[in-house]
Amino acid sequence: MAILAAGLCACNHPKPKPISNDITKTTVAVNGKKDSVINNPQKNYGSATVSEPCVKCLLEVIQATPGFKTVTGSVPANGLLYKVNWITSSKPIDMGNDGEIVNGMIIDVNQKAGKDPKKLATYLYNNAKGEIYSTTDQKSFKNEQAVSDTSLKKIRNSCFWGVASAK
């Protein structure tokens, strides 16, 4: 009986702590919930499925764009909330005349405002084309020409090719 109890206790590991209370780290919402960013596709430890190197790379690239600086210029860094999710063929993003994105990442940049954060911008990374798009009105997407090929390759490596081996 004691062995069974010890076995049950051994499986109750604490879940990762959310990073949202520390303003030196970027607050990220994954699948609608604030969570530590962990590579966890089997959902063994929570709802996060996007690896930390991927999120850091995406945020570094979009924060360097001129459009990001324009829409967030008056908002302090700790007043921003990022929602990061995969774009898949089961939940494609319609780009209008540019077709659909069925393989990529979506990053919503929100301003914290009580229960309903205010959406400032949305960034899309299209893995098939290796391009980043942005919108502030959720209707017309523009290609972020200022993003270098080197940055786009870093995103692909950290979010797609390097996901399985990222620690």
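I call a residue buried if under 20% of its relative accessible area is left, exposed if over 50%, and partly exposed in between (1.4 Å probe, protein chains only). By that cut-off, buried residues make up 40% of the 167 residues in the protein chain. I note that this is a predicted model, where local features need pLDDT of at least 70, side-chain atom pairs count only at pLDDT 80 or more, and totals for chains, interfaces and linings use all residues. Residues are numbered from 1 along each chain as its sequence is written, and side-chain values use heavy atoms, without hydrogens and water.

Next, I looked up the elements. The protein chain has four helices and nine strands (DSSP runs numbered from the N terminus: H or I of at least four residues for helices, E of at least two for strands). From the N terminus, I read the order as α-β-β-α-α-β-β-β-β-β-β-β-α.

Then I turned to α2, residues 52-63. Its buried residues include Cys54, Cys57, Leu58 and Val61.

How do α2 and α4 pack? I found an angle of about 160° between α2 and α4 (residues 149-161), with axes 8 Å apart; axes are lines fitted to C-alpha atoms over the stretch in contact, and angles run from 0 to 180 degrees between N-to-C directions. The two are therefore roughly antiparallel, a label for angles over 145 degrees. Contact (heavy atoms within 4.5 Å) is made by Pro53, Cys54, Cys57, Leu58 and Val61 of α2 and Ser151, Lys154, Ile155, Ser158 and Cys159 of α4.

How values were computed: Parallel < 35°, antiparallel > 145°, perpendicular 65-115°, else oblique.
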